[in-house]
Amino acid sequence: MAKLKQDKSHEMGLHQEQLKGKTQQRFFSVDESEKNLTYFHSFDVDTSKSATIDALDMTPREINREIRELMESGVGDITVDNPMSRHGVGVGILNRLNLTFSDSLGYFGCGLIDGPNVHIKGRVGWSCAENMMAGTVVIDGNAGSTFGAAIRGGDLVCRGSVGARTGIDQKGGTIIVGGKTGAFSGFMMQRGRMIICGDAGMNLGDSMYDGTIYVGGEVEDLGVDCVPGEMTELDVRYLSSKLEMYGIKTPNGVEKMNKYVSGKQLWNYDNLEPSEKKLVL
Amino acid sequence: MCGIAGIIHKNAGKDVNIGEQMTSMLQALKHRGPDSTGYAMYGDDNGNQVIRFKVAEAADLEGSFDIHAEIEGRIKLVNSRLKDLGAKVVKKDSATEYSHRYEIQFSGDMKKLADFVEDIEGVEILSIGNSLELIKDLGDATVVSEQYGLNDFNGTHGIGHTRMATESDVDIRSAHPYWAYPFSDVAVVHNGQLTNYWTNRRALELKGHRFSSNCDSELIAVYIADRMNQGQDLETAMKDSVEYLDGVFTYLVATKDQLGMAKDVMAAKPMVVYEGDDMIALASEEVAIRTLFDHHIDTFDPYHGEVKVWQN
């Protein structure tokens with residue numbers, strides 16, 4: 001296993017999981033950022049420069065192009081009025097940016113982003129912030145299914161309730177849900193954390209490889225290979241600080257939240273004989 | 001994929017232009033299914049039964065030299081059979097050569113009437129009801145709405161469908177909504193795939209139910225009809241259907257005064273609901289509901305296995 005670099009994030013307990021098997025742990029290093037973290041179409045922006053887009057009569061493509069052109073000209077604080085629940089807007093933003101949507105978005109909003117801080121003053125449809133790498137996305141309303149599918153980093157926050165398969169294939173980052181989640185949340189989760197302040201639907205954490213799920217309410221039932229974990233003081237400190245950042249409270253307090261992790265009976269098939277795989281499944 | 005939408009007004013009487021509202025929502029869902037569009041809308045009940053039927057498919061008009069004469073012959077047969085059964089036709093309309101709307105006065109056995117008329121080759125009853133108007137045809141919502149003059153339709157509630165054909169042909173027979181034969185005023189739209197369609201279809205056919213297409217969605221309409229025939233109310237029948245139907249689905253059912261929604265136990269198909277004091281609007285995507293509002297609205301996704309029924 002790679003030697004872990006001790007830094008502030010380790011002190012906060014953010015890298016407490018000791019992964020086994022073939023997984024490689026690689027953490028962000030400032031020294032490598034220049035050569036490894038430069039994207040085509042990522043812009044230097046000034047967050048003191050603001051602009052507003054009225055999207056009432058615009059197509060999703062026009063909205064995204066307008067956002068990109070504003071970023072290209074150095075604008076770092078953009079508000080989009082009247083998004084009208086359109087699909088696929090606010091996607092592919094690969095730099096710092098304060099982006100506000102004054103109303104709801106449709107499917108695949110804010111997908112494939114790496115760095116912006118997004119505030120959506122409404123709800124989002126299916127697959128919000130899919131594949132997010134870094135940044136924050138905060139939704140004031142409810143969210144549809146596959147919320148935060150395959151995110152790798154950043155904070156994805158829904159103050160309301162979300163649909164089914166929340167955090168499916170999550171590979172990192174943190175998903176926070178102020179209300180409840182639907183069925184199969186955390187399905188095939190691989191890393192990261194999911195904090196559900198309300199109830200969780202059936203098959204929570206089904207076939208999860210790794211990662212941690214915290215639930216403040218009732219759990220309908222656990223999926224295959226999802227097992228209760230032991231809440232530690234570190235968990236409580238982490239939850240308190242994370243929820244405080246977004247002004248979200250759990251009904252019974254973070255101390256009474258329950259923790260769920262992978263039983264790790266499914267995740268490393270290489271160590272099992274074919275007959276054993278069948279038994280596990 | 002397919003898109004479904006529904007709307008029900010609770011306190012507005014029958015003066016709301018739901019034709020325009022449904023068209024607006026369904027057109028916004030065109031990208032989910034451009035093959036055909038269908039409406040089941042509920043308007044005034046003037047005491048007559050409304051029969052919507054077709055005597056050919058739209059494509060038939062281009063496929064046969066004798067089709068126009070055949071259509072004329074089929075219409076004559078329909079008229080004659082209605083007369084034989086004692087049904088009095090008080091009004092006739094036809095938006096196209098193949099699609100017809102009759103208002104009739106009839107107090108006999110509706111199933112017998114439906115079977116007798118459908119026995120004519122090429123004839124299919126799309127719906128029977130006191131206030132139900134079921135219209136479906138090829139094309140998007142704007143095309144169908146214009147063709148059938150639906151933008152002036154006033155009523156209390158309705159459901160609709162934009163279809164992407166996956167399990168059966170692109171034709172009117174396989175378009176939604178489906179009427180829950182032989183129940184007057186009951187219609188269904190569905191988004192999804194049913195995996196136990198044939199098993200359940202055979203069982204229902206053995207009980208005497210008829211299927212007019214090979215589209216899996218028709219199973220829902222027939223199942224609901226079967227349950228209501230056994231005395232179940234709509235909500236109970238829908239709750240039972242969540243267990244009975246296997247596959248992924250979200251569907252809407254409308255009756256004379258109710259609109260219901262059911263979602264499968266995996267919550268695999270989308271549905272967004274707006275619940276206001278006076279109006280409930282549902283659609284596969286919020287972008288459809290937003291066409292009715294110029295301001296922010298709160299919406300939510302129903303959960304797995306959830307059934308909801310609203311009364312107007």
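A: B:Ile7 stands opposite B:Ala281, a residue of strand S14 of chain B. This is a predicted model, in which local features need pLDDT of at least 70 and side-chain atom pairs count only at pLDDT 80 or more, while totals for chains, interfaces and linings use all residues. Residues are numbered from 1 along each chain as its sequence is written, and chains are lettered from A and ligands numbered from 1 in the order in which they are written.

Strands here are DSSP runs (E, at least two residues), helices are runs of H or I with at least four residues, and both are numbered from the N terminus. S14(B) has antiparallel neighbours: five bridges join strand S1 (residues 3–9) of chain B to S14(B), and four bridges join strand S13 (residues 272–275) of chain B to S14(B). Two strands count as paired if DSSP finds at least two bridges between them. On the S13(B) side, B:Val272 has B:Ala283 as its bridge partner, and a hairpin through three residues joins S13(B) to S14(B).

B:Leu282 leads on to the packing of the chain: it is among the residues with the most contacts inside the largest nonpolar core, as are B:Ala180, B:Ala187, B:Val188, B:Ile224 and B:Leu252. That core has 82 residues, a core being a set of buried Ala, Val, Leu, Ile, Met, Phe, Trp, Tyr and Cys residues joined through C-beta atoms within 7 Å. Helix H6 (residues 218–229) of chain B gives the largest share, seven residues. The core lies between domain 1 (3–44 + 137–311) and domain 2 (46–129) of chain B, because both give residues to it. B:Ala187 shows the packing at one position: leaving out residues up to four places away in sequence, it touches residues including B:Ala40, B:Ser127, B:Leu134, B:Tyr178 and B:Ala254. Contact between two residues means that their C-beta atoms, placed from the backbone, lie within 7 Å. A second, separate core of 68 residues includes A:Ile78, A:Leu156, A:Cys197 and B:Tyr303.

The two domains of chain B have bounds from an automatic or database domain assignment. Their centres, taken over C-alpha atoms, are 24 Å apart. Contacts involve 16 residues of domain 1 and 17 residues of domain 2 of chain B. On the domain 1 side, strand S7 (132–138) and helix H4 (141–148) of chain B are the elements that give two or more residues. That side has seven nonpolar, four polar and five charged residues. In this count, Ala, Val, Leu, Ile, Met, Phe, Trp, Tyr, Cys and Pro are nonpolar, Asp, Glu, Lys and Arg are charged, and the others, Gly among them, are polar.

Chain B also has an open, antiparallel sheet of four strands in the order S4-S5-S3-S6. Its edge strands, S4 (88–94) and S6 (124–129) of chain B, each pair on one side only, and the twist from one strand to the next averages 20 degrees. Angles run from 0 to 180 degrees between N-to-C directions of lines fitted to C-alpha atoms, for helices over the stretch in contact. S4(B) pairs with strand S5 (residues 99–105) of chain B in the antiparallel sense over six bridges; B:Asp93 has B:Arg101 as its bridge partner there. Helix H3 (residues 110–118) of chain B packs on this sheet, touches strand S3 (49–54) and S6 of chain B, and makes about 155 degrees with S6(B).

Finally, the other chain. Contacts between the chains involve 14 residues of chain B and 23 residues of chain A. The chain B side has six nonpolar, three polar and five charged residues. Chain A itself has five helices and eleven strands, and 44% of its 281 residues are buried.

Definitions and conventions. A residue is buried if 20 or more other C-beta atoms lie within 10 Å of its own, exposed if 12 or fewer, and partly exposed in between; C-beta atoms are placed from the backbone.
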